[in-house]
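The structure under study is shown next.

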Amino acid sequence: MKWRNRSLRRRLVISLLIPLLVVSSLMLLEVRSNAVNSTNQAFDRALLSSALAIADRVVLIGGKIEVDVPYVALEMLTSAAEDRVFYQVSTAQGEFITGYEDLPPVPEKFLPLREEPVFYDAVYNGETVRIGALSRYVASVRKATRFHVLVAETMGTRTRLSEDILASAAARQILLIVIAAMIVWFGIGQGLKPLARLEEALNRRSPSDLRPILHDVPIEVRHLVGAINQLFGRLENSLKTMQRFTADAAHQLRTPLAALRTQAELGQREKDPEKIHQIMDTIAASTRQTSHLANQLLASARAAPEGLAGRPFDKIDLCEITRAVTGSKVPVAIERGIDLGYEGITDPAWIMGDATLIEELLKNLVHNALTYCPSGSAVTVRLEQNTSKNKVILTVEDNGPGIPVEHRKDVFKRFYRINDAGYDEGCGLGLSIVKEIAARHETKVKLTQPKEHSGCIFSISFDMAPLDERKEN
């Protein structure tokens with residue numbers, strides 16, 4: 001099962017249990033080491049007492065070492081019914097005197113033996129034994145010499161005692177882990193209750209209710225709720241754009257579609273070929289107008305600020321876009337007898353924006369100029385850089401009839417048309433689209449009239465992309 005399909009509570013509990021198990025294992029290793037050391041210290045004292053009791057009974061008679069092992073020492077050595085004990089007495093030179101001759105010798109690292117006793121583990125007759133060794137002097141009138149006493153004990157009792165200590169510690173650790181897991185399990189359940197209430201509140205909402213979530217939620221999920229609120233905002237803007245487009249389309253397309261239907265019905269009843277041809281011309285013109293209107297409505301929906309909220313900008317070359325759009329309109333200009341040209345910079349002019357919208361903006365400005373300028377006019381698309389202000393200025397200038405002063409404040413409104421313009425191709429959306437796209441790029445469209453002739457100058461000033469952004473390109 002993938003982690004995405006697991007519950008958050010289970011994941012948190014597992015995330016807690018794994019470190020706890022690792023830490024507990026390390027602690028149990030330390031407990032085991034301490035238990036073995038503590039057990040050895042306690043039992044080593046008994047070994048030392050036995051070795052001292054034997055050493056006290058070592059005497060030197062006639063230059064020969066003799067040992068009279070006391071009954072008390074033997075009783076001490078045999079008191080542990082579960083373990084077996086062994087002893088050995090030898091000279092400092094390794095000559096065996098009494099006891100068990102094959103006891104494991106003292107390791108090299110402890111030699112030579114001094115007054116302080118030493119303890120070490122060894123294997124004797126296939127069993128692990130603990131051996132305590134000490135060295136003492138024995139003297140007579142004629143001679144003094146050193147001897148060694150070794151006392152060994154099997155480790156059954158020691159091992160069981162250290163295992164009992166370890167088992168007791170492990171039981172406490174397991175109990176602690178279980179209690180911690182239960183506390184976390186139920187604690188997380190309590191902590192997630194605000195999310196459960198949030199879920200219930202969202203389930204009660206209608207599909208059209210896109211208000212921001214204002215519920216009190218834990219700090220850890222506030223960013224998530226904020227992201228959901230932003231998504232709600234984008235969805236609401238998209239719905240508004242769709243509703244506006246639907247309303248505009250229903251309002252604006254009703255009349256031309258009715259006219260097309262009427263013309264088609266007239267053509268069906270008409271018998272005169274010349275009149276049929278006229279009707280077909282009218283239908284073709286109406287079709288072009290309706291198609292243009294539909295395209296403008298779609299462009300207006302794309303350019304609407306609420307339809308683009310949150311859409312990121314890219315680094316785009318305004319010079320490349322401007323020259324490409326101008327070149328694409330040259331055939332239309334030639335057909336209408338208008339001189340269309342480009343002036344200005346030829347180097348890249350980087351700005352942060354939406355390439356599709358910038359193209360739509362420029363196409364509308366050039367289309368308007370080509371539509372409303374008579375044959376023989378000139379339309380100039382110009383791109384200039386103002387490095388001191390870090391700006392790029394896009395200008396579309398024509399020497400056509402211009403726009404009367406009293407209409408200039410209204411031409412950027414949606415569906416606004418000058419009644420006496422004398423052209424049927426427009427639908428009153430082009431300049432409103434230009435205005436909305438400019439607003440999306442945090443700038444404005446400026447409309448002026450040339451001083452030396454009539455006509456219009458539409459200019460838009462864009463901020464240049466930051467220097468580091470331009471260097472990347």
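Which handedness has the crossing of α1 and α3? I found it to be right-handed, that is, the near helix is turned clockwise from the far one by less than a right angle.

I worked on a predicted model, where local features need pLDDT of at least 70, side-chain atom pairs count only at pLDDT 80 or more, and totals for chains, interfaces and linings use all residues. Residues are numbered from 1 along each chain as its sequence is written, and side-chain values use heavy atoms, without hydrogens and water.

Entry 1, helix pair. I looked up α1 (residues 8–55) and α3 (residues 156–191), which pack at about 160° with axes 8 Å apart. The two helices are therefore roughly antiparallel (angles over 145 degrees). I noted 24 nonpolar, 7 polar and 5 charged residues in the contact of α1 with α3.

A nonpolar core is a set of buried (under 20% relative accessible area, 1.4 Å probe, protein chains only) Ala, Val, Leu, Ile, Met, Phe, Trp, Tyr and Cys residues joined through side-chain atoms within 4.5 Å. The largest has 41 residues, and L318, L361, L365, V379 and F458 have the most contacts inside it. Helix α9 gives the largest share of this core, 8 residues. Another core, of 15 residues, lies apart from it and includes L47 and V69.

Beyond four places in sequence, L361 touches L394, V434, I437, A438 and I460 (heavy atoms within 4.5 Å). I located V330 in helix α8 (residues 330–335).

Terms used: Buried < 20%, exposed > 50% of the residue type's maximum accessible area, 1.4 Å probe, protein only. Helix = DSSP H or I, 4+ residues; strand = E, 2+ residues; numbered from the N terminus. Axes fitted to C-alpha atoms, helices over the stretch in contact; angles between N-to-C directions. Parallel < 35°, antiparallel > 145°, perpendicular 65-115°, else oblique. Nonpolar A, V, L, I, M, F, W, Y, C, P; charged D, E, K, R; others polar.
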